[in-house]
Every structure is written in C-alpha cells, then in structure tokens.
Amino acid sequence: QVQLVESGGGLVQPGGFLRFSCAAPVLTFSSYTMSWYRQAPGKERELVTMITRSGGTTNYADSVLCRFTISRDNAKNTVYLQMNSLKPEDTAVYYCSAYRAGYWGQGTQVTVSS
C-alpha cells in the first residue's frame, strides 16, 4: 500500500513560517509529479503547488505565490513545502499528493492565528 507520510504543521502567528515534509518510502517517487493541496473549513480542496518529477518546474496558486516554496529530494523520496509570511487565510488541512495518481498523505492541520 502506497503511503505518503506528512510531518510539520501546527499553530503559527500571522507572518510566521512553517515547513512541511512528505515522505513516500514505497513510491517510485521520481516517476511522479508531486503536489500540495489544502482544504479550509467549508471550502473545497484546492491545489496549492506542484513540482515536476525532476524538480525543474514548479507552479503555485496565486494566493501563495512568492510566499510558499515547493522542493523535492528524489534521493530521499521526500517533497517539502516551505511556507513563509503566513496569513490567517492559509489556515487549512494540508495534503501532499502524487499529482493525479491517487496517492495522498494523511493531512496536517495548519492554523495561523494570533
């Protein structure tokens, strides 16, 4: 069974930062574009960012552009999400995913509040 295991997240004040990691130990990791989604209360899950297999191309939702950075280490089967200048509207459950492959992490809560 393919599992994506997330770590990071938590409670942070506005303007603060957090870093997520997502490990995929049994996935042929380098074969997949990886992504991060989030779902805020009462809202649909939205794509936040994605990174191609080699890491050469990244895309971001307008709402996080210039604040969030996705990266990956194929040797460690791990994808990262660095989140800076966090805002209350970034509060959500964050999920890593092998993009369009149907593999998801367990979800990790991020709360941005003073």
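**The disulfide and its surroundings**

Author: Let's begin with a bond: the torsion about the S-S bond of Cys 22 and Cys 96 is about 45°, so this disulfide is right-handed. Cys 22 belongs to strand 3 (residues 18-23) and Cys 96 to strand 9, so the pair ties together parts that lie 74 residues apart in sequence. The two sulfur atoms are 2.0 Å apart, where a disulfide is called for a pair of cysteine sulfur atoms within 2.5 Å. A search of the whole structure finds one disulfide.

Before going on, please keep in mind that this is a predicted model, in which local features need pLDDT of at least 70 and side-chain atom pairs count only at pLDDT 80 or more, while totals for chains, interfaces and linings use all residues. Residues are numbered from 1 along each chain as its sequence is written, and side-chain values use heavy atoms, with hydrogens and water left out.

Now let's look at what lies inside. In soluble globular proteins, nonpolar side chains tend to be buried together. In this model, the largest nonpolar core has 27 residues, and those with the most contacts inside it are Trp 36, Phe 68, Val 79, Met 83 and Tyr 94. Such a core is a set of buried Ala, Val, Leu, Ile, Met, Phe, Trp, Tyr and Cys residues joined through side-chain atoms within 4.5 Å. Several elements give two or more residues to this core: strand 3, strand 4 (34-39), strand 5 (46-51), strand 7 (68-73), strand 8, strand 9 and strand 11 (108-112). Strand 9, which also holds Cys 96, supplies the largest share of the core, four residues.

What does the chain look like overall? Its secondary structure comes to zero helices and eleven strands; helices (H or I, at least four residues) and strands (E, at least two) are DSSP runs, numbered from the N terminus. With a radius of gyration of 13 Å, close to the 13 Å that the globule rule gives for 114 residues, the chain is as compact as a globular protein of that length. That radius is taken over C-alpha atoms, and the globule rule is 2.2 Å times the number of residues to the power 0.38. Of the 114 residues, 42% count as buried.

Next come two hairpins. Strand 4 and strand 5 pair in the antiparallel sense over five bridges, and two strands pair if DSSP finds at least two bridges between them. Six residues separate these strands in their hairpin, and Gly 42 in the turn has a positive phi of about 75°. Strand 5 also pairs with strand 6 (residues 58-60), again in the antiparallel sense, over three bridges. This second hairpin has six residues between its strands, with Gly 55 in the turn at a positive phi of about 85°. Ile 51 takes part in both pairings: it is the bridge partner of Met 34, and its own partner in strand 6 is Thr 58.

Arg 45 sits in the loop between strand 4 and strand 5 and is partly exposed, with a relative accessible area of 35%. Leaving aside neighbours within four places in sequence, Arg 45 is in contact with Tyr 37, Arg 38, Gln 39, Tyr 95 and Trp 104; contact means heavy atoms within 4.5 Å.

Finally, let's visit the loop between strand 8 (78-83) and strand 9 (92-98), where Thr 91 is found. A polar atom of the Thr 91 side chain lies 2.9 Å from the backbone oxygen of Pro 88, and a polar atom of that side chain lies 2.9 Å from the backbone nitrogen of Val 112. Ser 85 lies in this loop too. Most residues other than glycine have a negative phi, and most peptide bonds are trans. Ser 85, although not a glycine, has a positive phi of about 50°. Arg 100 also has a positive phi, near 60°, and is exposed, with a relative accessible area of 75%.

Notes: Polar contact = N/O pair within 3.5 Å; in protein donor to acceptor, adjacent residues only side chain to side chain. Buried < 20%, exposed > 50% of the residue type's maximum accessible area, 1.4 Å probe, protein only.
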